[in-house]
Structure formats: structure tokens, C-alpha cells
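Here are my notebook entries from a look through this structure.

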Amino acid sequence: MTDTPETKPFEPTIIGFTCNWCSYRAADMAGTARMKYAPNVRLIRLMCSGRLDPTFVLKAFAGGADAVLISGCHPGDCHYINQNYKALRRFLLMKRVLAQMGIQPERLKLLWASAAEGAIFTREINEFVEQVRALGPLNWNTTAIEVHAEKEEVPA
Amino acid sequence: MTDTITFNQEISNLLYAAEGEPIKTCIQCGTCSGTCPVAPYMDHSPRQIIAMINQGMKEQVLESNTFWYCASCYHCTVRCPQDINITELMYALKRYSIWKGQHQEGLIGPTFSEAFVKMIVRGGRSFEPVLAPSYIFSFGMRELVLEVVGATELLLKGRLPIMPARIKRLDNFKRMIGRIIPMGGLE
Amino acid sequence: MKEYAYFPGCSLEKMASSYHKSSIETAKKLGIKLKELEDWNCCGATTYFYIDELLAYTLCARNLAIAEKTGLDVVAPCSACYKNMYFTAAHLKKDVDLAEHINFALEEDDLHFNGTVGVKHLIEVFANDIGPEELKNKVTNPLEGIRVAPYYGCQIVRPQKDKEDVEQPMFFEEMISAIGATPVNYPLKMRCCGGSLIISSRTAALGMVRNLLQSAVDAQATVVATACPMCQVNLEVYQQQVNQEFGTNFAVPIMYFTQLIGLSLEIPQKKLGIGQEFIAMAPALRQVIKG
Amino acid sequence: MDKKEKIGVYVCHCGTNIAGVVNVGEVSTWAAENLKNDGVVIARDYKFMCSSLGQELIQKDIKEQGLTRVVVAACSPHLHEATFRNACKGGGLNPYLCELVSIREQDSWVHTDKIAATEKAKAILSGGVSRVIHHEPLEPLHVPIHPATLVVGGGIAGIQAALEIANAGFPVYLVEREPSIGGHMAQFDKTFPTLDCSACILTPKMVDAGNHPNITLLTYSEVEKVDGYVGNFVATIRKRARSVNEADCTGCGICWEKCPKKVVDNVFEAGMGYRKAVYVSFPQAVPKYPVIDRENCTYYIKGTCKACEKFCPTNAINFAQEDEILNVQVGNIILATGYDLFDSRRITQYGYGRLANVFTSLEFERMSNAAGPTGGNIVLRDGKTVPKVVGIVHCVGSRDKNYNEYCSAICCMQSLKFAHLVEERTGAEVYNFYIDIRTPGKGYEEFYHRLLEEGTHFIRGKVAEISDAARLPAEEGKLIMQVEDTLTANQLRVPVDMVILSAGLEPRHDAKEVANRFGISCSADGWLIERHPKLDPVATVTEGIYIAGCVQGPKDIPNSVAQGAAAAARILGKIQQKEVALEPIRATIHEEQCSGCRICNNMCPFNAILFHEDKMVSEVNPALCQGCGTCVAACPAGAISGTGFSNEQILSQINGLLLLNIPKKEVVA
């Protein structure tokens with residue numbers, strides 16, 4: 001594989017939402033164990049995957065992300081009893097919404113990872129990055145940022 | 001990318017039915033070998049075969065009779081505490097061994113399997129008498145006599161077909177198979 | 001009238017024709033129609049999986065696709081056919097890529113597998129869809145005094161399909177009780193008979209047959225009942241060789257469960273294929289055979 | 001933003017942990033130049049930000065430069081968030097105006113490409129800067145702590161916890177479902193590895209708990225409901241009718257002596273022995289009062305008998321007694337509800353329930369107990385034959401994905417103890433069938449060695465099946481254990497007279513309901529989840545609720561006792577502080593924006609949202625709210641904001657994280 005400037009592979013940018021208790025700790029665990037994964041994912045910590053507002057996903061896509069990862073505790077393991085089921089429902093809904101907006105639903109991924117599953121976290125991220133790389137850049141029309149109510153000043 | 005594929009991975013890749021690489025998770029508890037009704041006839045117990053795969057002992061594994069003796073009874077599979085589909089693993093080893101053309105001498109299994117498959121590919125259905133000549137050369141004489149005795153009795157009782165049954169849409173059937181594997185390999 | 005798509009499988013065409021006959025007749029008498037699949041092909045048995053996994057799935061998928069066209073669940077009387085079809089359907093439903101690949105091949109025969117067909121073993125139809133209660137009500141000739149060793153064999157419950165008990169199921173026993181016979185409890189009812197080894201590893205297979213027959217005889221069974229043509233042939237045809245090999249003296253009739261049910265429903269012996277066997281069933285059944 | 005924030009950025013080298021992969025100098029220079037418009041006035045990198053010198057650096061800048069926000073790019077917030085917040089506080093800045101972003105666990109430790117890692121660090125830092133602008137100064141919530149504690153479960157862990165708290169001078173309610181406290185430990189004969197008698201060491205503690213002036217013992221009782229929050233819980237407890245007036249009963253035992261109804265004791269005697277319809281669980285029961293088992297009592301079934309009433313010298317029998325409902329107020333709760341034994345019937349190939357001489361571990365415990373149903377004689381199910389060969393199966397229901405994947409931790413030692421007792425009392429030959437011998441505990445490995453010296457057979461292999469199918473004359477009338485000796489690769493058929501299944505531990509069958517009732521959660525296995533598996537093993541995510549003993553996971557007696565004591569210590573610390581500070585991560589409903597749709601009401605798993613019928617708006621009780629934010633995301637009117645995780649904070653963080661990509665996109669478009 002020789003990379004000439006023209007064939008340089010596309011590097012996707014992925015925004016990942018993690019919950020404070022399981023998946024963020026899974027990421028910590030991956031770090032502590034020095035597991036290696038692709039540097040394309042940037043994480044945002046929420047207290048719970050149930051906090052995930054669909055607006056966040058749209059905002060990420062509008063802001064230039066090529067894909068979004070949502071991750072939380074395994075079903076049944078939620079630190080807030082069962083709020084990750086709400087994340088699951090929102091995830092399924094978001095997939096449909098994305099399809100209607102012309103974004104491949106495969107650009108949104110849901111990952112359950114417990115605090116001990118750094119290896120799973122690592123593996124899934126690598127797979128997801130490859131999957132998104134195959135999908136190519138999103139280039140979503142950034143005017144779609146108007147779709148949602150929030151008006152943000154984009155830092156220059 | 002620079003990693004060479006291990007024997008464990010090669011076998012795992014042949015395991016469509018048992019996703020992933022479950023062989024690695026074996027804890028060597030011996031449930032499979034304790035359960036196996038054929039284990040006393042095998043040169044290595046199923047548990048040892050798994051350990052040997054994980055150690056990359058390819059030659060020794062292919063030389064063993066273990067997987068050819070597997071009776072596909074799935075008793076080990078339902079008991080395995082690690083959810084390893086051991087029976088499917090034995091299938092994978094058979095496939096690997098046939099593919100590489102490498103197996104213990106004097107085994108009937110490989111020849112028989114190939115003959116059987118060729119027959120289905122030709123006619124769509126299995127038929128027993130035709131099989132005999134295909135594997136005769138690898139049969140011991142005593143077994144051959146016994147087999148003929150059995151077959152004759154079945155024939156006398158009207159329980160063996162004289163003519164092999166064929167399916168009707170044989171051409172479609174052959175083309176269908178052609179889309180999965182190149183026919184040259186088997187015909 | 002309940003209706004099923006019926007996949008007889010190669011052995012039932014001739015070798016196990018008595019199983020075929022007795023299945024059709026018994027089912028008919030119990031109000032179940034078994035409609036044979038048109039132009040079915042061999043399921044590949046276990047041997048096919050030795051050669052090429054994908055090809056094995058393709059063979060089964062063709063039958064499943066043909067069955068799917070009928071809109072009925074497909075029933076297989078042979079345990080190996082059943083297991084192959086069941087797991088092919090399960091894998092194809094789970095793995096869209098696999099299904100796509102195989103459907104590409106099926107196009108050659110104008111077929112498509114959608115994953116809607118259900119797969120059942122013939123014994124499940126009798127045990128669950130009819131059930132011991134209804135069976136008991138329809139029995140006119142209870143097989144009293146017949147001690148039957150129910151032989152489950154391997155691939156009906158193994159590998160696990162759902163949440164059923166894979167170690168000590170009881171549905172066969174319940175069915176035997178329903179027709180008035182006595183199910184005997186013997187420890188090897190779930191053990192493999194070595195059927196798939198009889199050609200390739202005869203010594204091992206004969207030993208397994210011996211253990212099984214011994215266990216049934218120790219429990220004073222007069223007949224062994226099976227639900228698989230491979231087990232039947234293996235246990236019956238090779239009994240003589242077992243006797244030669246181990247100096248034993250077995251002469252245990254190996255019957256299909258449908259033959260036993262048929263007798264209890266007073267279906268004529270001939271229609272049940274009784275008389276085609278090597279080890280005569282008549283002596284063991286003397287007390288219940290009418291006419 | 002009306003007022004421009006003054007943000008200080010600090011990039012940590014963490015020695016070479018970060019600096020070895022991320023070019024920290026480049027990151028801080030980049031931040032100083034490119035995040036100027038966001039308000040970054042100073043950006044530094046330093047070898048160890050968490051050191052006192054690093055912290056002083058921040059404090060100095062806050063004072064001298066008048067920083068209003070601080071962003072530290074270092075390790076995971078789970079490690080040092082509190083450190084940097086405290087540093088800010090020390091510098092005079094509200095601690096919640098500090099943001100720690102992780103460029104170690106999430107960057108330098110997981111990537112090898114230095115350029116990519118440096119770019120990612122910039123993005124992470126930029127996200128933190130964008131976020132911190134929207135931080136608000138917060139104060140921790142303070143709530144008073146009620147000095148009483150509720151301990152649920154009267155096994156050894158619960159007893160230990162109750163005694164620790166009571167001895168420190170604070171009131172405890174100890175609730176137990178069975179008629180007596182004592183738990184599983186009361187059923188055991190000997191304890192490993194010292195082989196001291198279980199009852200001898202447990203009974204004094206039970207008596208202490210029963211007599212302690214600070215402990216209110218509520219046996220034959222269950223907690224039905226818990227309301228409130230840390231410091232101020234109200235527990236509703238059902239005290240089931242014993243049909244015996246405790247004030248009058250002397251525990252003399254005449255009632256159960258005279259009772260004509262024999263009942264198989266499936267609880268204490270594990271089905272091996274009998275009790276009467278009026279009974280105490282065992283002779284040393286605490287409290288000493290019996291209960292009438294109404295399901296089996298002749299009087300409750302047929303309306304006649306009353307033998308107990310007739311003979312009771314103090315007229316303590318009260319057939320008309322009704323369940324009592326108590327409401328108790330407590331500041332903290334300890335759950336020590338223990339475990340259930342794995343049901344060995346589930347492994348049908350081991351034949352338990354089908355083959356008479358297959359015993360469970362608990363049956364064996366009762367059998368070997370001198371006070372048990374066989375008077376301590378180890379005999380077959382016929383009650384008289386002494387076994388000559390005994391097989392012990394390890395890992396029954398444990399380390400098996402078909403049942404429980406985890407290791408039950410106690411079975412190896414338990415099996416060794418059984419092996420020793422069998423040999424000592426019967427002289428029988430003992431076979432241990434194990435997968436791995438696990439003896440991590442003080443004196444445990446030494447006990448294993450003792451067994452090896454005693455000549456116990458150890459066969460490494462998981463037993464495949466146990467049957468009575470004899471093939472050889474030597475196997476006639478025996479149980480045959482089929483197993484591979486994995487060390488020699490031989491398939492063995494070992495004929496034995498008796499099999500003991502060393503069954504594993506399982507979560508209580510109702511663990512999920514209990515967890516729900518107390519507002520905490522179970523792992524997929526069903527054990528209750530601790531706040532942190534290493535650093536906080538007895539607390540839970542719900543403030544004020546602690547767990548101890550096997551309810552948290554399988555463990556032996558010393559560990560259960562340690563956890564009971566640890567949970568008590570945590571609570572005593574809390575009680576002595578008199579009030580508790582809570583993280584101010586809470587949801588708030590803006591009344592003027594609330595449409596009263598009530599969607600959020602049912603979303604909340606902690607029932608923290610109440611609805612004001614009069615004003616038709618919902619309100620969050622900040623003491624109950626745990627801050628998960630689900631309601632914030634769900635509110636269709638956007639009327640709920642989540643402190644610390646507000647929409648503005650997160651949306652800005654997204655923007656910040658993507659800062660480096662935006663120019664690239666524009667070029668492409």
C-alpha cells in the first residue's frame with residue numbers, strides 16, 4: 001500500500017457520546033491497558049446515554065462529523081436503572097430520521113460496553129472507523145444546521 | 001496487516017456457523033472429551049485438539065484421526081461451558097484437511113465424503129450402492145465384505161434403490177451450485 | 001385439517017420407506033396432511049459440511065425456498081435433514097450477507113429464501129401439535145404390555161434449538177405412554193448411536209451400537225423406538241455384526257415411532273411397512289397386533 | 001456571550017505518558033493562538049499538572065491573571081477531576097468552573113501516530129474550552145443525615161454491619177426475611193480453612209445483635225417500599241404475623257414439641273430434615289420466638305388442633321395476630337441480602353433429584369452437622385450406608401456459560417473442606433473433580449496442600465455426566481462419573497457411592513426487584529452493582545445505599561464480614577458529618593416553559609419528578625434527582641436543563657471538537 005497524496009485514504013471524524021459509568025470507563029480501561037484504536041473518534045462524556053438528545057447527533061453531523069457513536073452500559077446494567085433503554089429507543093428513531101434526511105443510517109452506531117470492556121470498545125471503534133471510511137465523507141449540507149432550534153455561534 | 005494468519009484464525013475463518021474465534025476461549029475443562037462417545041477411539045481427545053489448534057500445531061492436528069471420528073452428535077457442543085461449537089469445529093477441520101489434501105493414511109472418511117458430495121452434485125439426491133466403488137480402495141477387505149453383506153440384505157428387503165433418484169430441474173440445480181463453487185473442483 | 005410441507009429426505013425414498021409410509025398414514029389418521037415438497041434435493045447430510053459449508057447451506061436453502069412457496073411450515077422425519085434445515089434457516093435469517101450470497105445462487109432455479117418458513121421435526125408435530133392428550137383420545141388399540149425404549153438420538157434436540165431440555169427431555173416417553181405402551185427409563189437414551197461413523201469408523205460405531213442396545217435390554221425393553229432413519233438402520237442392520245464382534249446375542253426390533261403409533265390406531269401392518277425389517281417385530285408385538 | 005471569559009489552559013505532560021506521543025508544546029501554543037477568540041488568555045504546558053507545583057501554577061494564574069475559567073488537558077476526570085476542582089477552589093475560583101479533558105486515556109495511551117494524536121489532543125482541548133464557557137458556578141447540595149440505619153438481611157454481613165454501627169452508639173433496624181437471623185452461615189458445619197465450628201463463632205454475634213440496645217431486630221419481616229433520599233429515607237416494613245406474642249413467649253419449646261404436624265424443612269435443613277408447623281429455624285435461633293407456618297398448620301387448614309395454644313404455659317400463641325406495617329426513618333441503608341444456592345437440578349446430566357445419592361453442597365453441610373438430620377453421620381440417602389468412595393464435583397453451575405459464567409469463589413475451598421470431612425469421618429476414598437483449584441485466601445493454599453497430603457484424589461476435568469448405567473461388573477450399583485482426566489487425556493469412568501455437587505452461588509431470585517425497590521441496579525449476572533469495582537466496593541450509585549456480602553458478588557465469610565464492617569464505617573463517617581454534600585449535577589425544570597405534558601414524570605427512575613396539579617407544571621426534587629439527564633433530553637418543550645451537562649455545554653463541546661474539521665469541509669464543499 002503506497003500512499004500518494006491523491007490516494008491518501010479518507011480519515012473520518014467521529015463524535016462519540018459515552019455515559020459516565022460504563023462506556024467512558026471502558027475508554028479509560030482501553031487507555032490504562034494501552035490498547036490501540038484509530039484516532040478518529042472524539043468522545044463527549046454524558047452522565048447517562050439516556051441524556052442523549054437527538055439534537056446532539058444532528059449537531060455533530062451538521063458540524064462536520066462523518067459519523068456518530070452512542071455508547072452506554074449494557075441493557076440491564078444501567079447505573080440509572082434502565083435509562084439506556086431510552087437511548088436505545090432514541091437510537092432506533094434517529095436511524096429512521098437520518099435516512100429521511102439522506103444520511104446513511106450506518107453512520108450512527110450504538111455500542112454497549114461495560115467498564116471492564118475496554119477490549120470490546122477498542123475493537124468496535126476500529127470496526128466502526130473502517131465502516132465509515134468505506135462510506136466515504138459525509139459532506140452534509142451544513143445549512144441543515146437550521147433544522148434544529150439551537151443557534152450556536154460557531155467558533156471561528 | 002503484517003501479522004501472519006495463525007492456524008487458529010485459519011480454522012476460525014472456516015467456521016461460518018460459529019461466529020468469531022470462540023476456540024481461543026477454551027478453558028481446557030475436558031467436558032467435551034468426557035462427554036464424547038467416540039473419545040476412546042480418537043488418538044487425541046477433542047480438548048487436546050483445541051489446545052493443539054491454539055498452539056498452532058497444524059501438522060499434528062491434520063495427522064490426527066480425531067475429527068474424522070467425530071460422530072456429529074453435538075453432545076459436547078450443548079455441554080461446553082464456553083459455548084464453543086465443537087462439532088462445527090470438527091467440520092471445519094475436515095474441510096481444512098480435504099482442502100489441503102492432507103490427512104492420516106488409511107482413513108475412509110475423506111474419500112467417502114468427497115464421493116458422497118460428487119454424487120449429490122451430479123444427481124441432486126443421495127444413493128447408496130454407487131458409493132461403494134468410490135471408496136473401495138481405501139476400505140479394508142473385511143469391512144468391504146461386511147458392507148456388501150449389509151447392502152445385499154437391504155436390497156433383498158427392498159430397502160435399497162437400484163437406480164439413483166434424480167431431481168427434475170437438474171440443470172438449474174447444477175448452475176445453482178456453480179454459483180457457489182467452481183464445478184471443476186468436484187466433478 | 002393441519003397441513004405441512006413434507007421433506008422426506010433421501011433415506012425415506014427407499015431405505016426407510018417404512019418410515020415414510022407409516023408417517024403419511026399415521027398423520028392422515030390424526031388429521032394431518034403431509035404434502036411432499038416438489039422437486040426437493042438432498043439436504044447434504046452431515047457429509048456435505050465436511051466439504052464446503054456454503055454449499056451445504058445452499059442445498060438446504062433450496063429446499064427451504066421451495067417450502068416457503070407453499071406457505072406451510074416444513075417437516076422433516078429425518079433428524080439430520082431436520083437439523084440441517086433448521087440451522088440453515090437460523091443462520092440465513094441472522095446473517096443477511098450469507099442470505100444474499102445464497103439467494104444469488106438460488107436465482108438459477110428461480111427461488112428465493114425470505115426467512116419466513118418454520119422448520120419442524122416430524123416427532124415435534126406429534127409431540128407438540130397433536131400432543132399426548134389428543135393422541136391418547138384417538139388410540140383404539142392401546143399397546144399394553146409393550147416395553148418401549150424411546151431413543152432420541154442426536155440431532156432432534158441437539159444442538160440446542162430453543163430452551164428445550166437437551167439432557168433429559170420427556171416428550172418421547174409421554175407419547176409412548178399415550179399409546180398405552182410402557183416407556184422404559186434407560187440411561188443412554190440421549191447417547192449417539194454412531195450412525196455417521198458406520199462407514200468411516202466402523203469399530204467405534206459398532207461399540208456405540210452395542211452400548212446402546214445393552215442399556216435398552218438391561219432396562220427390559222422389548223423394542224427400541226426411533227425418530228430417525230439413520231439411527232434405525234444403524235441400530236438394526238448392524239445388530240448382527242455387533243453380535244459377531246462382541247459375542248452378544250441381541251435381537252431387538254428397532255421401530256419407527258410412527259409405526260408404533262400406527263399400530264395403536266389400528267392401521268394395517270402393511271401400510272406401516274411392518275415386515276420389511278431385518279429383525280422381526282411381530283414376536284415382540286404379538287399381544288397387540290390385531291388380525 | 002456578553003461578558004468575555006478569561007480562560008486558562010493547562011496541558012499536562014504526565015512525564016512521558018502524554019508527552020511521549022502528543023506534542024504538548026504544540027498543543028498549548030496552538031490553543032493560545034487559535035482559541036484566543038474563545039477567551040483563552042493563557043496556555044501552558046507542565047510536566048505534572050497534578051503535582052502541588054502544577055496546582056499552584058493554576059492558583060497563581062487565577063489570582064494574577066483573573067482567570068474565570070480553567071481547562072486542564074491531562075488524564076481521565078475519573079482520576080483527577082476532584083484534584084483540579086479543589087485547586088481552583090484554593091485559588092478562589094468556583095470549582096465547577098474547571099473542566100478536565102482526557103488526553104491520556106483517550107489519546108496518548110491509545111494511539112501511536114504522533115501527528116494524529118497531537119491533532120486529536122487539540123480537538124479535545126478545543127471541545128473543553130468551548131464547553132467551559134457555558135459552565136456555571138455551582139455549590140454542592142447539603143442535606144442532613146438521620147442517625148438511624150436500616151440493614152436489610154441478617155446473615156453474617158448484615159449482623160456485622162449492624163453491630164459496628166450499634167456499637168458506635170447509633171440506632172439500627174436489622175430486617176430479616178426468615179424467622180431467625182444467621183443466614184447461610186448458621187447452616188454450615190465447619191468453616192474453611194481453620195475448620196472451626198460455624199455455629200460456635202456465629203452464635204455469639206447473633207446473640208449480641210439480638211440483645212443490643214441500639215438494634216431493633218425485625219425478623220420474619222420484609223422491606224416493601226423505600227421513599228426519600230440519602231439522609232432521609234422512609235422504609236415501609238411488613239412484619240409478618242408470627243402468631244406468637246413476643247412479649248409473652250419465653251421460647252421454652254413446648255409448642256413445637258407438642259405440635260403434631262411434621263413439615264419437610266426446605267429452608268434450613270435443605271430438604272434433608274423436618275420441622276414442625278410451629279417452629280424455630282434452629283436451636284440457637286435469634287430471636288428465640290417461634291413462628292407458626294400458616295400454610296402447613298392444621299388449625300389454619302382445618303380450623304381445629306390448637307395443640308400449641310393448649311400447652312403454652314404463658315398463653316403466647318395468638319392465632320389472630322395480623323401482619324404489622326412499620327414505617328421507619330433512616331439516614332442510610334445497607335443491603336446484605338445474600339445469595340441463593342444454584343439449583344443443581346438444572347444440570348440434568350448430573351442427575352440431582354433423579355439419582356438418589358447425588359447430594360448438593362448444602363445437603364452435605366447439613367448432613368455433616370452434628371445438629372443436623374443425620375446427627376453428623378455421612379451416609380447415603382438410605383440413612384445408614386456409609387459411602388466407601390465419594391466424588392466431589394467442583395464448579396457446579398459456575399464457570400459455565402450455560403448457567404453462570406462467573407466463578408463462585410467459594411466452591412474450591414468448600415469442596416476441599418468436604419473432602420477432608422468425608423475422609424476424617426468415614427475413611428472413604430475421595431475424588432475431587434476440578435477445572436482449576438483456586439485458593440486465594442489466607443491459609444487456603446496451605447489447606448489444599450494438607451488435602452494433597454491426606455491422599456485425596458484430584459482429577460483435573462469437568463465432570464461430563466453422572467449416571468447409573470453400569471458397563472462393567474465393578475460399576476454395578478454405583479454412580480459412574482464420566483470425565484476426562486485432562487492431565488493424562490484419558491476418558492475415565494469413576495464408580496462412586498456418593499456424589500457431592502459443589503454448587504455455586506447465585507443472586508437471590510428476587511434480586512432485581514430488590515434493586516428496583518432501593519433504586520440501585522444489578523449487573524447482567526444479577527449481582528448488585530457497586531459504585532466502583534475497586535475503589536468503592538460497598539457504596540452504590542444511589543447515595544446513602546450500601547451493599548455488603550454476597551449480594552454484591554460471591555464471596556467467603558471473611559470477605560462478607562469485611563464488607564459489612566466497611567459499609568458500616570462508611571455510614572458512621574456520614575452520620576458523624578451530620579450532613580452530606582451532593583454533586584450538584586441535577587435537572588431543573590423552568591416552570592414558565594413547562595407545558596405540563598408530564599412526559600418526564602414517568603421517565604425518571606428515581607421518582608424525582610413530581611407534578612403540581614394546581615399549577616400544572618412538573619418539578620424536580622433535587623435531593624432525589626441523580627442527574628442522569630434523561631428528562632432533559634426528553635422534554636419536548638426544552639423546559640428542563642441539566643446542571644453541569646446543559647444543552648449549551650454539550651452543543652458547544654461538539655462544535656469545539658469539530659473545530660479542526662470545519663475548514664476542511666468548506667474546502668471540499
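**Entry 1: which chains touch**

How far apart are the nearest C-alpha atoms of chain A and chain C? I looked this up before anything else, bearing in mind that the model is predicted. The value came out at 15 Å, and chain A and chain C do not touch.

**Entry 2: chain D against chain C**

Next I opened the interface of chain D and chain C. On the D side I have 8 residues in contact, and they face 6 residues of chain C. The buried area between the two chains is about 690 Å², and carbon and sulfur atoms give 44% of that. How many salt bridges does the rule find across this interface? I got 1. A salt bridge joins the side chains of C:Arg191 and D:Glu465, at 3.8 Å from N to O. Over all chains, my search of the whole structure returned 59 salt bridges.

**Entry 3: chain A against chain D**

Here I went for a pair of helices from two chains. Helix α2 of chain A (residues 54–62) packs with helix α18 of chain D (residues 647–657) at an angle of about 25 degrees, and their axes are 9 Å apart. I therefore noted α2(A) as roughly parallel to α18(D), since angles under 35 degrees count that way. The crossing of α2(A) and α18(D) is right-handed. Which residues meet there? From α2(A) I listed A:Thr55, A:Phe56, A:Lys59 and A:Ala60, and from α18(D) I listed D:Asn647, D:Ile650, D:Leu651, D:Ile654 and D:Asn655. Sorted by class, this contact holds 5 nonpolar, 3 polar and 1 charged residues.

**Entry 4: two helices within chain D**

I stayed with chain D and turned to helix α2 (residues 52–65) and helix α3 (residues 77–90). Their axes come within 8 Å and cross at roughly 40 degrees. That angle is why I wrote down α2(D) as oblique to α3(D). The crossing in which α2(D) passes α3(D) is right-handed. On the α2(D) side the contact uses D:Gln55, D:Ile58, D:Gln59, D:Ile62 and D:Lys63. The α3(D) side brings D:Thr83, D:Phe84, D:Asn86, D:Ala87, D:Cys88 and D:Gly90. I counted the classes here too: 5 nonpolar, 5 polar and 1 charged.

Last, I looked at the backbone in the loops. A cis peptide bond joins C:Arg158 and C:Pro159, with omega about -15 degrees. I placed C:Pro159 in the loop of chain C between β5 (147–150) and α8 (171–178). In chain D, a cis peptide bond links D:Phe192 and D:Pro193, with omega about -5 degrees. Where does D:Pro193 lie? I found D:Pro193 in the loop between β8 (190–191) and β9 (196–197) of chain D. D:Leu195 also lies in the loop between β8 and β9. I flagged D:Leu195 for its phi near 65 degrees, a positive value in a residue other than glycine.

Conventions
Residues numbered from 1 in each chain as written. Chains lettered and ligands numbered in written order. Predicted model: local features only at pLDDT ≥ 70, side-chain atom pairs only at ≥ 80, totals over all residues. Heavy atoms only, no water. Axes fitted to C-alpha atoms, helices over the stretch in contact; angles between N-to-C directions. Helix = DSSP H or I, 4+ residues; strand = E, 2+ residues; numbered from the N terminus. Parallel < 35°, antiparallel > 145°, perpendicular 65-115°, else oblique. Left-handed = near helix turned anticlockwise from the far one by under 90°. Contact = heavy atoms within 4.5 Å. Nonpolar A, V, L, I, M, F, W, Y, C, P; charged D, E, K, R; others polar. Buried area = accessible area lost by both parts, 1.4 Å probe. Salt bridge = Lys/Arg side-chain N within 4 Å of Asp/Glu carboxyl O.
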